[in-house]
Amino acid sequence: MDNSTYVGTMVPHRSPRTLRFASYNIRKARGLDGQRDPGRILQVLNGLDADVIALQEADRRLGDRPAALPRRMIEAETDFEVLPTAENGVSLGWHGNAVLVRKGIEAGGIQRIDLPGLEPRGAVYFEIDLGPMSVAVMGAHLGLMRRHRRRQLETLAMHAQGRDDAIILGDFNEWSTRRGLEPLTPKFSVISPGQSFHAARPVAALDRIAHSNNIGVADAGVEQGPLAKLASDHLPIWADLKLPRQSFAATD
């Protein structure tokens with residue numbers, strides 16, 4: 001398994017077969033100043049120039065789990081659409097896992113995945129339509145205990161069985177660079193773009209991106225701008241992934 005750390009820079013022009021995937025634990029839009037500011041989170045998201053973003057802690061915990069990012073603000077202030085992963089009309093995601101896709105990108109095949117463990121955890125599965133083929137993507141927020149995280153990764157890997165082009169985005173909650181990700185071996189490589197937690201003083205690479213081995217990495221990094229360092233306790237990560245040629249139309 002490749003646990004390399006990538007230090008990249010934002011690349012505004014990408015090849016037709018490359019999409020930017022990002023992951024961001026937004027802590028219910030509550031910043032390090034104690035203020036809940038959805039607009040600030042949206043500014044950070046816009047600055048990532050991503051095509052697909054997996055969000056964690058996108059909903060509040062109590063009651064019906066209302067969205068921390070109002071849909072109307074996303075529609076008005078971004079170029080993203082929210083995938084319908086929620087079970088009700090007030091949440092943005094499933095167990096706090098929400099997905100934003102840039103307008104014009106077709107996505108479907110949405111599934112909600114229950115993850116094993118003592119804590120209530122879940123993940124979302126969806127497919128990005130790239131013409132005659134599709135790419136499977138999962139967004140997840142793994143548990144606090146390693147033995148549960150391993151079982152959760154086994155569950156995600158099982159959902160990718162039979163796929164040569166799968167991607168897992170999320171807060172893996174794994175502090176180690178050498179242990180805990182074994183269930184993804186040997187079919188996945190893991191990108192650890194850099195230390196993303198704690199935003200005020202990053203010391204751990206908790207947020208990661210796993211991808212099938214036939215998907216390449218053009219660039220990856222951690223957004224460390226002043227706004228990102230204030231908006232949440234995690235910094236967003238991103239990766240420009242080179243998707244398999246067979247996933248695209250022959251005219252691409």
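The model is predicted, so local features were taken only at pLDDT of at least 70 and side-chain atom pairs only at pLDDT 80 or more, while totals for chains, interfaces and linings use all residues. Residues are numbered from 1 along each chain as its sequence is written, and side-chain values use heavy atoms, with hydrogens and water left out.

Helix α1 spans residues 38-47 and is mostly covered. Helices here are DSSP runs of H or I with at least four residues, strands are runs of E with at least two, and both are numbered from the N terminus. Seven of the 10 residues of α1 are buried. Buried means under 20% relative accessible area, exposed means over 50%, and partly exposed lies in between (1.4 Å probe, protein chains only). The buried set in α1 consists of Pro 38, Gly 39, Arg 40, Ile 41, Leu 42, Val 44 and Leu 45. Their cover includes strands β1 (18-25), β2 (52-56), β3 (80-82) and β4 (98-102). Helices α2 (71-77) and α4 (228-231) also contribute to that cover. Contact means heavy atoms within 4.5 Å. Asp 37 caps the N-terminal end of α1. A side-chain oxygen of Asp 37 lies 3.2 Å from the backbone nitrogen of Gly 39. After the helix comes Asp 49, with a positive phi near 55 degrees.

Salt bridges form a further group of contacts. A salt bridge is a side-chain nitrogen of Lys or Arg within 4 Å of a carboxyl oxygen of Asp or Glu. The count by this rule is 11. One of them joins Arg 121 and Glu 119, at 2.7 Å from N to O. Arg 121 belongs to strand β6 (residues 121-129). Arg 121 counts as buried because its relative accessibility is 10%. Glu 119 has a relative accessible area of 22% and is therefore partly exposed. The two side chains also make a polar contact at 2.7 Å. A polar contact is a pair of N or O atoms within 3.5 Å; within protein, one must be able to donate a hydrogen and the other to accept it, and residues adjacent in sequence count only if both atoms are side-chain atoms. Leaving aside residues up to four places away in sequence, Arg 121 touches a set of residues including His 95, Ile 113, Asp 114, His 141, Leu 144, Gln 152 and Asn 173.

Arg 146 and Glu 174 form another salt bridge, with their closest N and O atoms 2.7 Å apart. This pair links distant parts of the chain. Arg 146 is in helix α3, Glu 174 is in the loop between β8 and β9, and the two are 28 residues apart. Arg 146 is partly exposed at 23% relative accessibility. Glu 174 is buried, with a relative accessible area of 1%. In the bridge between Arg 163 and Asp 165, the closest N and O atoms are 3.3 Å apart.

The structure holds one aromatic pair. The ring centres of Trp 175 and Phe 197 are 6.1 Å apart and the planes stand at 85 degrees, so the pair is edge-to-face. Rings of Phe, Tyr and Trp (its six-membered ring) pair if their centres lie within 6.5 Å; planes under 30 degrees apart count as stacked, over 60 as edge-to-face and the rest as tilted. Trp 175 sits in the loop between β8 (166-171) and β9 (188-191), and Phe 197 in the loop between β9 and β10 (207-212). The two are 22 residues apart. Phe 197 counts as buried at 17% relative accessibility.

Asp 129 also lies in strand β6. Asp 129 is partly exposed, with a relative accessible area of 41%. Its side chain reaches the backbone nitrogen of Gly 131 at 3.0 Å. Asp 129 touches Glu 106 and Ser 134, not counting residues up to four places away in sequence. The C-alpha atoms of Asp 129 and Glu 106 are separated by 5.3 Å, although the residues are 23 apart along the chain.

Leu 118, Leu 144 and Met 145 make a nonpolar surface patch of about 340 Å². Patches are made of residues with over 30% relative accessible area and no salt bridge; like charges are joined within 9 Å, and nonpolar side chains (Val, Leu, Ile, Met, Phe, Trp, Tyr) within 5 Å. Accessible areas come from the Shrake-Rupley method with a 1.4 Å probe, and for residues only the protein chains shown count as cover. Met 145 is in the loop between β7 (134-141) and α3 (146-159). Met 145 counts as partly exposed, at 34% relative accessibility.
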